[in-house]
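Me: I would like to work through a protein structure with you. Could we take it a piece at a time?

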Amino acid sequence: MSDNRPGLPHPPEDLVPDGGVRRVRGNDYRVLQPQEQFTPELRVSVIIPAYGAQDKLDLVLQGLSRQTYPAALTEIIVVDNGTSPPLRLPGGTAARLTVCDKPGRACARNAGLAEATGDVIFWLDSDVVLTPGAIEAHMRWHHTAPYLSVTSYIRFTEAPLPEVLPDDLEAAFEPAAPHAWLVGLVERTDGLTTNSPRPFSLHVGGATSVNAGLVQAAGPMDDDLIVGQDTEMGFRLHQAGAVFVPEPRARAYHLGPTMRMRQQKSIDRVSHAFVADRIPAYQWLRTHPAREWQVPYVTAVVDGTAGYEAVRASVDALLASTVVDLSVVVVGPWDTLDRDRRAPLNDPNLDLVLVHGHYEHESRVRLATAEEVDPRVPFVLRLPAGWAPGEDSVAVLLDLARVEGLGLIEAVLDDPAGDAVPARLERVSAFARARLVAREGEPLDAAVRAVSGVRRVEGDKHGFTREPGELPGRRSAYKARIQAKAEAARLARESERLRAQVTKWRDEAARWRRSTVELRREVGTLRRELHAAQKAQRDMRTTLAGTVKRALGKRLRG
C-alpha cells in the first residue's frame with residue numbers, strides 16, 4: 001500500500017549524529033524515512049482496557065490474531081475494569097487477562113501498563129478492530145527512532161456486528177465515517193509537520209502507540225481525570241520530547257460511535273474544566289486575567305544565595321510581570337537555617353533569613369533546596385539574581401519563542417565587569433528531545449539548536465536592567481488600563497459632542513439651502529416685476545412721445 005505522506009530528501013548531516021539517533025526539528029518527522037523492509041526487533045505491549053461488551057472484545061482479539069507483526073514480539077494485556085459477570089478470553093487467543101477493580105479507563109490502562117514488558121506501548125480500546133498491517137505500520141516508525149508516538153486512522157462503523165470477524169473488513173464495516181477532527185488537524189498541518197503548536201493533541205487512545213521509555217519519562221495516565229486523559233498524557237509525552245506521527249497505513253474500525261461523538265459539548269464541558277489546570281499549552285482555556293493554575297506556563301529559577309537585595313530585585317520584578325501564569329523557584333539551603341534570636345543582625349546567614357522570610361508565604365514563590373521545576377511547565381526562565389526584567393520582558397521572550405518555535409533564547413546582560421551573563425528562556429520539550437538525541441560529549445545547547453533552534457538577543461533592549469527602580473508591573477498596568485478607559489470615555493464624549501455639532505451644522509446647512517431657494521424665488525419675482533416696470537416705462541414713453549408729436553403737429557397746422 002502506498003504512503004501518501006509528503007517526503008523530504010535525505011536529512012542534513014547536522015541532523016544525523018554519527019552512530020546516534022536521527023534528529024527531528026519540531027514535529028517534522030519526515031526526515032526519519034522509515035524503511036519498507038525492516039527486521040522486527042522491538043517488543044510491543046498491546047493494552048486493552050475493557051468494561052462489558054464481550055462481543056466487541058472478541059472481535060478486537062480476532063483482529064489482533066491476524067496482525068502481520070510477529071506474534072512472538074507481541075504481548076496482549078486485557079484489563080477487565082470490573083465487569084459483572086467478568087470478561088473472558090476466547091479460546092486460542094494469545095492475550096492474558098488481568099483485573100482492575102478501581103473504575104476508570106485511566107486506572108485500567110495503568111494496571112495494564114504495570115504488567116507490560118514491551119519496548120513499545122500500544123493503547124487499544126476494546127471496541128477498535130485493527131486491520132492486519134496496523135501494528136507493523138506502527139512498529140516500522142518505532143524501529144526508526146525511540147521518541148515517537150504513532151496514531152492510527154480510525155473509521156467509525158455502524159454496521160451490524162458479525163459473530164466472527166470476516167477476512168474483508170472493508171466489505172463488512174464500510175461505509176464508515178472518518179475521525180473528522182483528527183483528519184482535519186492532520187490536513188491543516190501537513191501531517192502535523194508544519195503550523196502545529198500542539199501536536200500532542202493527536203495522542204488519542206483508541207489505537208495509538210508510544211515508545212515505552214517516553215511513557216516511563218512522562219508517567220502513567222492521570223487517573224484523577226474523568227475525561228481528557230489521552231490529551232493530558234499526550235502533553236506530558238510532548239514535554240518528555242515525543243514526536244507525534246499520524247500513520248495512514250495503520251487503519252482501524254471503531255465498532256459504533258464514541259461517547260464523545262454522541263455528547264461532544266457535554267464531554268468538552270467536563271474535560272475543559274480539568275485539563276485547563278493541567279495543560280498550560282491550552283492558553284485559550286486560561287482566560288482569567290489573574291488566577292493561579294496547578295501547572296504554570298513558565299517557571300523562573302533564581303539563586304537565593306546571591307544576597308537579599310539582588311534576589312528581591314529579580315523576584316519582585318518577575319511577580320510584577322504582565323505574564324501572570326508564572327511561578328518562581330528560589331534555590332537556597334533553606335533547610336539549614338537556624339535563626340539567631342538574640343543577635344539577628346549578627347547572623348552570618350542574615351540575607352538567607354531575609355529572603356526566606358520575605359517570600360515564605362508568597363503563593364507564586366517556592367523556596368527549594370535544589371532546582372525543582374514541574375516537568376509539565378512548558379518554559380523555564382533562568383534569571384541571574386540582581387537582574388530585573390521589565391514588565392513585558394517575559395511576555396516578549398515567550399512570544400518570540402512561540403512564533404519562531406525556538407528551544408532556547410539567551411538574553412545577554414552586559415556586566416559592568418565585562419562578563420556577559422545570559423538570562424535563559426528554555427523550552428522544556430526541546431531540551432528533553434535534545435537529551436534523547438545528543439551526541440556523546442556534545443553540548444546540550446547544540447542539540448537544542450538542531451531540534452528546535454536557538455536565538456541570542458540583547459537584554460537591555462528587552463527591558464532587563466540592574467536598576468529596576470520602582471516596579472511597574474501589574475499595578476502600573478492596572479493604572480494604565482484605568483487611564484486608557486478614562487481616555488476612551490473622554491474620546492467617546494468628545495465624539496458624541498462632535499456628532500451633535502455635525503448634526504447641528506447639517507440642520508444649519510439645510511436651512512441655508514431652503515433660504516437660498518426662497519431668495520432665488522424672490523429674486524426671480526423681482527426680476528419679473530422689474531422687467532414689467534421697464535416695459536411699462538417704455539410704453540409710457542412711446543405714448544407720451546406720440547401725444548406730444550400730435551399736439552405739435554396741430555399747432556403748426558393751426
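Me: To start with, is D190 buried, partly exposed or exposed?
Reply: D190 counts as partly exposed, at 33% relative accessibility. Buried means under 20% relative accessible area, exposed means over 50%, and partly exposed lies in between, using a 1.4 Å probe and protein chains only.

Me: What should I know about the model and the numbering?
Reply: This is a predicted model, in which local features need pLDDT of at least 70 and side-chain atom pairs count only at pLDDT 80 or more, while totals for chains, interfaces and linings use all residues. Residues are numbered from 1 along each chain as its sequence is written, and side-chain values use heavy atoms, with hydrogens and water left out.

Me: Where is D190, and what is its phi?
Reply: D190 sits in the loop between α5 (180-188) and β8 (207-211). Its phi is positive, about 55°, although D190 is not a glycine. Most residues other than glycine have a negative phi, and most peptide bonds are trans. The names of helices and strands come from DSSP runs numbered from the N terminus: helices are H or I with at least four residues, and strands are E with at least two.

Me: What about L192, is it buried or exposed?
Reply: L192 is buried, with a relative accessible area of 0%. L192 is found in the loop between α5 and β8, and it has a positive phi of about 70° without being a glycine.

Me: Changing topic: how many residues does α1 have, and how far does it reach?
Reply: Helix α1 (residues 54-65) has 12 residues and reaches 17 Å from its first C-alpha to its last, close to the 16 Å expected at 1.5 Å a residue. The expected span is 1.5 Å times one less than the number of residues.

Me: Which residues of α1 are buried, and what covers them?
Reply: The buried residues are Q54, L57, D58, L59, V60, L61, G63 and L64. The elements covering them include β1 (44-50), β2, β4 (120-124), β5 (128-130), α3 (134-142) and β9 (243-255). Contact here means heavy atoms within 4.5 Å.

Me: How far is P166 from G63 in space?
Reply: The two are 9.5 Å apart, C-alpha to C-alpha, and 103 residues apart in sequence. P166 lies in the loop between β6 (148-157) and α4. Leaving aside neighbours within four places in sequence, P166 is in contact with R66 and A172.

Me: Now the pair α13 and α14. At what angle do they cross?
Reply: The axes of α13 (residues 428-437) and α14 (residues 444-451) cross at roughly 110° and come within 8 Å. The two helices are therefore roughly perpendicular to each other. Axes are lines fitted to C-alpha atoms, for helices over the stretch in contact, and angles run from 0 to 180 degrees between N-to-C directions. Angles under 35 degrees count as roughly parallel, over 145 as roughly antiparallel, 65 to 115 as roughly perpendicular, and the rest as oblique.

Me: Which residues meet there?
Reply: A430, F431, R433, A434, R435 and V437 in α13 meet L444, D445, A447, V448 and V451 in α14. By class, this contact of α13 with α14 has 8 nonpolar, no polar and 3 charged residues. Ala, Val, Leu, Ile, Met, Phe, Trp, Tyr, Cys and Pro count as nonpolar, Asp, Glu, Lys and Arg as charged, and the others, Gly among them, as polar.

Me: What does R424 touch?
Reply: Not counting residues up to four places away in sequence, R424 touches V380, L381, R382, L408, I409, E410, F431 and D445. R424 lies in strand β15 (residues 420-427) and is buried, with a relative accessible area of 16%.

Me: And S429, is it buried or exposed?
Reply: S429 counts as buried, at 8% relative accessibility. S429 is found in helix α13, and its contacts beyond four places in sequence are H238, Q239 and G241.
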